[in-house]
Each structure stands twice: as structure tokens, then as C-alpha cells.
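Let's take a walk through this structure, one feature at a time. Have the model open as you read.

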Amino acid sequence: MSTVLKSKIAELVGQYGSYRAAGKAIGVDHVYLYRLAKGDKKEAGTAICKVLGVRKVVVYEPIEQAVRGDTHV
């Protein structure tokens with residue numbers, strides 16, 4: 001998970017004092033927030049991203065064929 005998302009969750013928890021209070025304030029389960037922050041949950045949903053003011057961006061990078069040992073992609 002991105003450090004941006006983790007830092008946004010940390011800000012939110014700092015503002016409200018706990019995961020439980022932060023979750024209640026934004027209408028999200030506190031366990032979900034905790035799991036996102038700790039990396040147990042890999043992808044944040046659209047609703048939580050919107051609340052935190054972030055967006056998911058998928059990045060594609062070239063695969064080095066020599067590293068993969070594969071000539072067919």
C-alpha cells in the first residue's frame with residue numbers, strides 16, 4: 001500500500017484520537033481503517049479514497065526480458 005494512503009490514515013487517526021473514533025466520524029469500519037494502515041488490506045475502496053482525498057493510480061512498467069528469461073510477453 002502507498003505511503004500516501006498510510007499517512008492520510010495516520011492524520012485522520014491523529015485528528016480523532018483513535019481508529020474507532022476516526023472510522024465513526026467518516027462512516028467507515030474502524031477495523032477496515034486499521035487493516036489498511038497496517039497493510040493487511042492491500043487496496044482501499046473508492047469511498048475511503050474519496051474521504052481521504054486520494055485516488056488509486058495503476059502504473060505499468062516495462063519488464064526487462066533478460067531478467068525474466070522470457071522472449072514472449
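For sorting residues by class, Ala, Val, Leu, Ile, Met, Phe, Trp, Tyr, Cys and Pro count as nonpolar, Asp, Glu, Lys and Arg as charged, and the others, Gly among them, as polar. Keep in mind that what you're looking at is a predicted model.

With those classes in hand, start at the largest pocket. It holds about 250 Å³ of space, and 12 residues line it. Nearest its centre you'll find Ser2, Leu5, Arg55, Lys56 and Val57. Sorted by class, that lining comes out as 7 nonpolar, 1 polar and 4 charged residues.

Now for the helices. The axes of α1 (residues 3-16) and α2 (residues 19-26) come within 8 Å and cross at roughly 100°, so α1 and α2 sit roughly perpendicular to each other. On the α1 side, Ile9, Leu12, Val13 and Tyr16 make the contact, and they meet Tyr19, Ala21, Ala22, Ala25 and Ile26 of α2. The residues of this contact split into 9 nonpolar, no polar and no charged.

Tyr19 in α2 has another partner to look at. The model has 1 aromatic pair: the ring centres of Tyr19 and Tyr34 are 5.3 Å apart with planes at 85°, so the pair is edge-to-face. Because Tyr34 belongs to helix α3 (residues 30-38) while Tyr19 is in α2, the pair ties together parts that are 15 residues apart in sequence.

Notes: Residues numbered from 1 in each chain as written. Predicted model: local features only at pLDDT ≥ 70, side-chain atom pairs only at ≥ 80, totals over all residues. Heavy atoms only, no water. Axes fitted to C-alpha atoms, helices over the stretch in contact; angles between N-to-C directions. Helix = DSSP H or I, 4+ residues; strand = E, 2+ residues; numbered from the N terminus. Parallel < 35°, antiparallel > 145°, perpendicular 65-115°, else oblique. Contact = heavy atoms within 4.5 Å. 1 Å grid on protein atoms, 1.4 Å probe; cavity = no way out; pocket = protein on both sides within 12 Å on 5 of 7 lines; lining within 4 Å. Points joined across faces, edges and corners; volume = space filled by probe spheres on them. Phe/Tyr/Trp six-rings, centres within 6.5 Å; stacked < 30°, edge-to-face > 60°.
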